[in-house]
Amino acid sequence: MELAVPTPPTRRARGWAIVGEQELRDLWLGGRGMLLGVAFSLLLSIIAYLTATNQALNFLEQREAVNLTLQVAIAVGSLLALLAAADAVSGERERSTLESLLLAPVSRLGITSGKLIAALSLWAAAFVITVPYVWFLGRGVGLVGKAVLLGLVVGTLLAVFLASVGMLISVFASSNRVSLSVSLFLLLAIFTPTQLPSSAQKGWAGEFLLRVNPLTAGEHYVGKIVVNDHSWSEDASWLISPLVAAAVFFFLAAFVGARYMQLGRRASE
Amino acid sequence: MFAATLVAACAALASSGLAVAAQPSGVSVALEPLRIHTELGRNVLVHATFRNNGPAATGSLIAHLNVLSLRSGVEVDPEDWSTHRTRYLGTLPTGGSQTITWKVHAINTGKIALYVAVIPQAGLSSRPATGRTVQLVVAGRRTLNSGGILPLALGIPALLGLMSGGIQVALRRR
């Protein structure tokens, strides 16, 4: 006879849903998420206004305007997810709420998964905010559908990667300040190759660096499709590192993060 | 007759010790259409047919599409106009032909020239065979009406701000 006894996987699934719901409430009803959303929309408004009012905007530059807006949206949207995830465990620890969370009848995997989902909701909101701007800039050149879908695919991969990195740092950081500082430093390090002169980005070493870095690879892929009108499959190899990074770091954040989540961390750690 | 004269002239030059640039022998390039009118941002197709009119099969051939402006002062970056401008045709048997289609993106307004050159893959000293020039006339097109940007740029942050304020007020009233 089968009884309706919750099996461990069901309990785990409900656990992440409960943690996720609670985290989403804190983030969005607490006002932090909406405030970040307003700031994000202001940034996109400034970029869209400056590009759209450029009188010399020709066809190619219009595509570049869509590309710029999309790339900023992906980068900043992923940054928001990273910051939210970097606060996930170290923030709870610092606010002395991690103990009650660990004592709750929820698996640690449920905690890390729920918190990752909440962090990724910031990227989802950023993406929704981006759509009208991309529509406005790309409507004359038949680029809207492609750009929106591209932003969703590449942005989600990068947001999953960065949020997972933020979560891992947060699990191992001794304080919230350390977690946020290390996350921001890492983000800057990941962005550094985009500032290299174009001559340094050429050759096998330059291309290897761009391909290995998930952020530069993802943004390169976006640029090739939006500006150069390449097909989706033409530069698909550039999506390998964002895809691998998202999968590997999501696994690490969810499972390794859950395994090593502790109430206290020594300052030296 | 002309070909025989040309071959004889080349042989004479070669025997005199001068380097002679050979052309992919007997390969003709035919482009169509030769005149295209389009608008900024549109795509047009250019077909090139390569035919081997020579007595023997060709070696492997490479075809390359070139793009340039007929007016000075107009900057043209061929990469933006057409991706995959270089195509590897392989060999053409005697009397055989192959047609390649290039998708060309009209990036600038004005009069643009397109032409295709063919060279043998193994013959760096060869002179390329070219077809006739395609003239592309690109008319302007207004693609972005910036008039609506201000309501959008102000409206979205304002809407989000109002939503945020509304949620906070509703939560406090509870």
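The model is predicted, so local features need pLDDT of at least 70 and side-chain atom pairs count only at pLDDT 80 or more, while totals for chains, interfaces and linings use all residues. Residues are numbered from 1 along each chain as its sequence is written, and chains are lettered from A and ligands numbered from 1 in the order in which they are written.

**Chain A overall**

- Chain A has 11 helices and 0 strands; helices (H or I, at least four residues) and strands (E, at least two) are DSSP runs, numbered from the N terminus.
- Its C-alpha atoms fill a box of roughly 65 × 40 × 40 Å along the principal axes.
- Buried residues make up 45% of the 269 residues in chain A. Buried means that 20 or more other C-beta atoms lie within 10 Å of a residue's own, exposed means 12 or fewer, and partly exposed is in between, with C-beta atoms placed from the backbone.
- Of the contacts in chain A with a separation of 6 or more, 83% are between residues 24 or more positions apart. Two residues are in contact if their C-beta atoms, placed from the backbone, lie within 7 Å.

**The nonpolar cores**

- The largest nonpolar core has 76 residues; such a core is a set of buried Ala, Val, Leu, Ile, Met, Phe, Trp, Tyr and Cys residues joined through C-beta atoms within 7 Å.
- Elements giving two or more residues to this core include helix 2, helix 3 and helix 6 of chain A, plus helix 3 (149-173) of chain B.
- Helix 7 of chain A gives the most to this core, with 15 residues.
- Ala85(A) is among the residues with the most contacts inside the core. Leaving aside neighbours within four places in sequence, Ala85(A) is in contact with residues including Leu116(A), Ala119(A) and Ala163(A).

**Two packed helices**

- Helix 7 (residues 144-172) and helix 10 of chain A pack at an angle of about 175°, with their axes 10 Å apart. Axes are lines fitted to C-alpha atoms, for helices over the stretch in contact, and angles run from 0 to 180 degrees between N-to-C directions.
- That makes helix 7 and helix 10 of chain A roughly antiparallel, the word for angles over 145 degrees.
- Their contact has 12 nonpolar, 1 polar and 1 charged residues. Here Ala, Val, Leu, Ile, Met, Phe, Trp, Tyr, Cys and Pro count as nonpolar, Asp, Glu, Lys and Arg as charged, and the others, Gly among them, as polar.

**Where chain A meets chain B**

- On chain A, 26 residues are in contact with 23 residues of chain B.
- Helix 2 of chain A gives the most to its side, with 10 residues.
- That side divides into 15 nonpolar, 10 polar and 1 charged.

- Ser96(A) isn't a glycine, yet has a positive phi of about 60°. With 9 C-beta neighbours inside 10 Å, Ser96(A) counts as exposed.
- Asp229(A) also has a positive phi, near 60°, and counts as partly exposed with 18 C-beta neighbours inside 10 Å.
- The peptide bond from Glu32(B) to Pro33(B) is cis, with omega near 0°. Pro33(B) lies in the loop between strand 1 (27-32) and strand 2 (35-39) of chain B.

Definitions and conventions. Angles under 35 degrees count as roughly parallel, over 145 as roughly antiparallel, 65 to 115 as roughly perpendicular and the rest as oblique.
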